[in-house]
Amino acid sequence: MRAMVLDQPGRPLRVTDLPEPEPGPGQIKLAVKTCGVCRTDLHIYDDELQGSSKLPLVMGHQIVGEVVAIGEGAERFELGERVGVPWLGWADGTCRYCREGRENLCENAQFTGYDIDGGYAEFTVAAEDFCFPIPALYSDAEAAPLLCAGLIGYRALRLVGEAERIGFYGFGSSAHILCQVAVHEGRRVFAFTRDGDTDGQAFAGSLGAEWAGGSSELPPEELDGAIVFAAVGPLMVQALKASARGARVISAGIHMSEIPAFSYDLLWEERTLGSVANLTRADGEDLLRIAPQVPVRAAVTTYPLEDAQAALEDARRGRIEGSAVLVVSA
Ligand SMILES: [Zn+2]
Ligand SMILES: [Zn+2]
């Protein structure tokens with residue numbers, strides 16, 4: 001099968017002919033239709049994460065595929081069914097976090113496109129218990145970004161609590177989906193882009209943001225909560241400066257540049273800084289139930305599988321409005 005393989009961090013992905021993976025017990029084999037490109041893929045590519053991935057590696061953890069083979073004991077999905085594979089590829093179910101319903105923090109978790117080969121390939125295998133059926137409303141390309149940008153963003157939105165005035169710092173793949181969910185929930189969205197990115201600000205406005213400006217600006221009102229999607233540590237401090245008493249400021253990324261020191265005055269009055277890590281299956285089920293009701297529409301820019309490197313570089317430069325998606329088979 002055709003696959004785009006990462007041999008070493010920082011080295012261009014290589015078009016490779018790999019043997020097709022076959023499903024083990026509890027797994028399904030998917031013919032990959034589309035695979036979303038995530039900011040995390042760039043962190044893996046740049047070797048910025050704490051652990052280390054398998055190498056060589058097939059990246060990609062927002063996979064939409066069709067079931068083409070079923071492993072021993074697997075019975076959730078039928079042949080031909082359309083299935084999504086997210087970042088959380090497997091959790092042990094037995095560690096203290098899993099037992100408390102916090103499988104996103106599992107000590108032995110395996111992540112798709114990191115510990116397990118992912119979707120930058122014609123075929124992949126996945127543990128069926130960690131896959132989701134895809135709502136019929138969505139095309140293969142439109143469904144892909146829901147699987148990480150959407151549902152880890154959704155987890156971040158829940159962590160912000162009931163905030164009415166919510167700030168989104170970095171208006172890319174994840175924020176453009178979550179903006180629609182937040183507005184649907186009756187929240188008021190304030191969108192922050194790179195300074196001077198008037199196209200990005202107009203895009204945020206078109207999705208229901210009440211105000212959009214550059215990230216060095218202060219919003220016209222204080223924020224009751226904020227999600228920092230951009231991997232830029234100083235934005236955590238900037239979001240605190242914009243925050244009302246009791247606000248929660250959540251980083252939605254897996255990696256961020258260093259957060260500079262700041263005065264305690266910014267944190268005082270029960271403001272909170274926090275992070276979101278991974279997802280639980282319940283997060284995925286919730287978002288995929290809610291998304292068609294909103295209805296969330298993902299803006300996608302598609303690339304053929306062989307152009308995965310170009311998609312990564314466009315994502316790095318913020319050239320994409322919405323989400324980059326690899327189309328593997330039509
Ligand atoms: Zn566990
Ligand atoms: Zn991701």
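Trainee: What lies over the face of Tyr 97?
Mentor: Arg 96 does, at 5.9 Å from the ring centre, where a charge is taken to sit over a ring if NZ of Lys or CZ of Arg is within 6 Å of the ring centre and within 35 degrees of the ring normal. This is a predicted model, in which local features need pLDDT of at least 70 and side-chain atom pairs count only at pLDDT 80 or more, while totals for chains, interfaces and linings use all residues. Residues are numbered from 1 along each chain as written, chains are lettered from A and ligands numbered from 1 in the order in which they are written, and side-chain values use heavy atoms, leaving out hydrogens and water.
Trainee: And which charged end sits over the ring of Phe 123?
Mentor: That of Lys 29, at 4.9 Å from the ring centre.
Trainee: Switching to the metal, what coordinates the zinc ion (ligand 1)?
Mentor: Asp 92 through OD, and Cys 95, Cys 98 and Cys 106 through SG, coordinate the zinc ion at 2.1 to 2.3 Å; donors are N, O and S atoms within 2.8 Å of the metal (3.2 Å for Na, K and Ca), and water is not among the atoms, so sites may look incomplete. Along the chain, the donors of the zinc ion follow the spacing D-x2-C-x2-C-x7-C.
Trainee: Why is the arrangement called tetrahedral?
Mentor: Because the 4 donor atoms subtend angles of 98 to 118 degrees around the zinc ion, and four donors count as tetrahedral if all angles lie between 85 and 135 degrees.
Trainee: Is Cys 95 buried or exposed, and what about Cys 106?
Mentor: Cys 95 counts as buried at 6% relative accessibility, and Cys 106 is buried too, with a relative accessible area of 9%; buried means under 20%, exposed over 50% and partly exposed in between, using a 1.4 Å probe and protein chains only.
Trainee: How many aromatic pairs does a search of the whole structure find?
Mentor: It finds 8, where rings of Phe, Tyr and Trp (its six-membered ring) pair if their centres lie within 6.5 Å, with planes under 30 degrees apart counted as stacked, over 60 as edge-to-face and the rest as tilted. Among them, Phe 168 and Phe 229 are edge-to-face, 5.4 Å centre to centre with 80 degrees between the planes.
Trainee: Are those two buried or exposed?
Mentor: Both Phe 168 and Phe 229 are buried. Phe 190 and Trp 211 form a tilted pair, 6.5 Å centre to centre, with 40 degrees between the planes.
Trainee: Which residues do ring pairs link into a cluster?
Mentor: Tyr 169, Phe 190, Phe 192 and Trp 211 are linked that way.

Conventions. Tetrahedral: all angles 85-135°; square planar, octahedral: opposite > 155°, others 65-115°.
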